[in-house]
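Let's take a friendly walk through the rings and the sheet of this model. Have the coordinates open as you read.

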Amino acid sequence: MWKRVLREATVRQPWSMLASKRCLSSPPTSKSAAVDTLLLRYLKEHYVEVSKMNPPPKMNPPSEFSIVKGALDGNGPVLTRTHGNEEIKLSVMRMAYAVPGSGEDNENDEDMNQLFLHVDVSKPGQDKSLHFLCGLYPDALGVHSVSLRPKHDSADFLEVTATYSGPQFAELDERMRDAFHGFIEERGVDEKLFNFLQAWLYVKEHRSLMRWFKTVGTYINENKPAKSS
């Protein structure tokens, strides 16, 4: 959604072309100031435009899950719950961002309705936890891989490790694949999570984009040379 906003705005106001045409004949110092002023203006315009976008309706996750405090401002788990003596943590991102090159040139509703879900199942006293990488859709959840990883592994959940992480999930016996699906469904991990996680990602992306406009604008503004007296 945010990519679409930026793409449409850039078509209406091609920044680089405008800046270059206006500044070709200017001295270096005035050219730099003009470019900064132009960029700050467009950053502010887009900040205001995005700030006016209506957020999705507020939603709550399934009752057995709790939202992780501070999740909107970090890259860690979004939801957590307990199941017996297990702790279950869920992290999410859009499939278009998880798979390099997908969804960049032709973002559509189908791209936005594909989420990449990471499920971490840990037990007390165990130094490893069970990790599921899943595709989450409005009406289905599919498991892509299952692996055991160190419980306190702080690496990004998309990082490819050199250690053996198990067989290709698609190559497992169909009965075993069904059993793994049943394992996470019993723990509340299914398509019922989609609506909440979709809305949560919209809010996170909106906040991240607003923060980006603001911090880039602040950096450029503070980097402007002081006026000589």
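## Charges over rings

Arg 41 lies over the face of Tyr 42, 5.0 Å from the ring centre. Here, a charge sits over a ring if NZ of Lys or CZ of Arg is within 6 Å of the ring centre and within 35 degrees of the ring normal. Likewise, the charged end of Arg 94 sits over the ring of Tyr 202, at 5.0 Å from its centre.

This is a predicted model, in which local features need pLDDT of at least 70 and side-chain atom pairs count only at pLDDT 80 or more, while totals for chains, interfaces and linings use all residues. Residues are numbered from 1 along each chain as its sequence is written, and side-chain values use heavy atoms, leaving out hydrogens and water.

## Aromatic pairs

The structure holds four aromatic pairs (rings of Phe, Tyr and Trp, the last by its six-membered ring, with centres within 6.5 Å; planes under 30 degrees apart are stacked, over 60 edge-to-face, the rest tilted). One of them joins Phe 132 and Phe 180, edge-to-face because the centres are 6.0 Å apart and the planes stand at 70°. Phe 132 is in strand β5 and Phe 180 in helix α6, so the pair ties together parts 48 residues apart in sequence (helices, H or I, of at least four residues and strands, E, of at least two are DSSP runs numbered from the N terminus).

Phe 132 is buried at 0% relative accessible area, whereas Phe 180 is partly exposed at 23% (buried is under 20%, exposed over 50%, partly exposed in between, with a 1.4 Å probe and protein chains only). Phe 132, Phe 169, Phe 180 and Phe 183 form one aromatic cluster.
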